[in-house]
Amino acid sequence: MQFTTPVTISPSPWQIEPCERMLFVGSCAMVNPFGVMYNPVSVLHTVKRLSDAGQLPFSTDQPGTAVFTLGTNHVYRLIATGEIVDNCQKRPQKLFHEELLTVEQCAEALSEAIRLIRSPFPKTRFLLTVSPIRYRKYGYHGSQLSKATLLLAVDQVVKAFDDPTIAYFPSYEIVNDELRDYRFYQEDMLHPTDQAVSYIYERLSETYFSPATLHFLEQWHPIRKALEHRPFNPQSAEYQQFLHKAKEDYKVLKDKYHFEE
């Protein structure tokens, strides 16, 4: 008897290697170059700023991976300039006009962001995904319409490029179809729990991480945990010995994989 509806993810024809150059832009990303970007136009703005500054983190002769995570198709346009802003910066609501991007507008923004990166860095691969976090302020029907717009836009982009190195990862479906239970949500009943996030990461890693990357992470996780440990008595001989061992293990791993700090 089966009590879940597992999301089927096809094997990827490409894989992420250890210490590969990556860029994360969008909702739910832990590291965003210019803050969290929720909509496709703001994702494009980030890519443009990095491109104009010569700061895209890729190499012309090595593969890299860009991950775009989309949260909403709602945007805010500054009335004074007519420009879509990435962050209202707590300015009065009366200064902005809220708009809904169409499927076509979302798709074009994503496509332009891909082209901006692909032109100088042709070996870059792309993962597009939609955040499963619902927006209560839109009303739940409005939130579903917003997510549906993003899903249709991403599907349109993937089909238009017809390139196996531009792929969709089903974060949205994993939470809403496979983990269809409130025990996988935090107290606000909107955000996934740490357990749900870990499961999404597990599905991502088994699809897109190479065996070498999985092996690297097995070695890296205990080292990172040791380096982040905060003892009650940091001056004790026992802790100093523990810290020295962790730093030595870190140096060995760094020398082996030649990663940048």
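View 1. Glu-108 is partly exposed, with a relative accessible area of 41%, where buried means under 20%, exposed over 50% and partly exposed in between (1.4 Å probe, protein chains only). Arg-115 is likewise partly exposed, at 42%, and the two form a salt bridge whose closest N and O atoms are 2.9 Å apart. A salt bridge here is a side-chain nitrogen of Lys or Arg within 4 Å of a carboxyl oxygen of Asp or Glu. The model is predicted, and local features need pLDDT of at least 70, side-chain atom pairs count only at pLDDT 80 or more, while totals for chains, interfaces and linings use all residues. Residues are numbered from 1 along each chain as its sequence is written, and side-chain values use heavy atoms, with hydrogens and water left out.

**View 2. The salt bridge of Arg-125 and Glu-20.** The closest N and O atoms of this pair are 2.8 Å apart. Arg-125 lies in strand β6 (residues 124-130) and Glu-20 in the segment before β1 (21-26), so that the pair links distant parts of the chain, 105 residues apart; strands (E, at least two residues) and helices (H or I, at least four) are DSSP runs, numbered from the N terminus. Both Arg-125 and Glu-20 are buried.

**View 3. The salt bridge of Lys-159 and Asp-155 in helix α3.** These side chains meet at 3.1 Å, N to O, and the two residues, 4 apart in helix α3 (residues 140-161), are separated by about one helical turn. Lys-159 is exposed at 60% relative accessibility, whereas Asp-155 is partly exposed at 36%.
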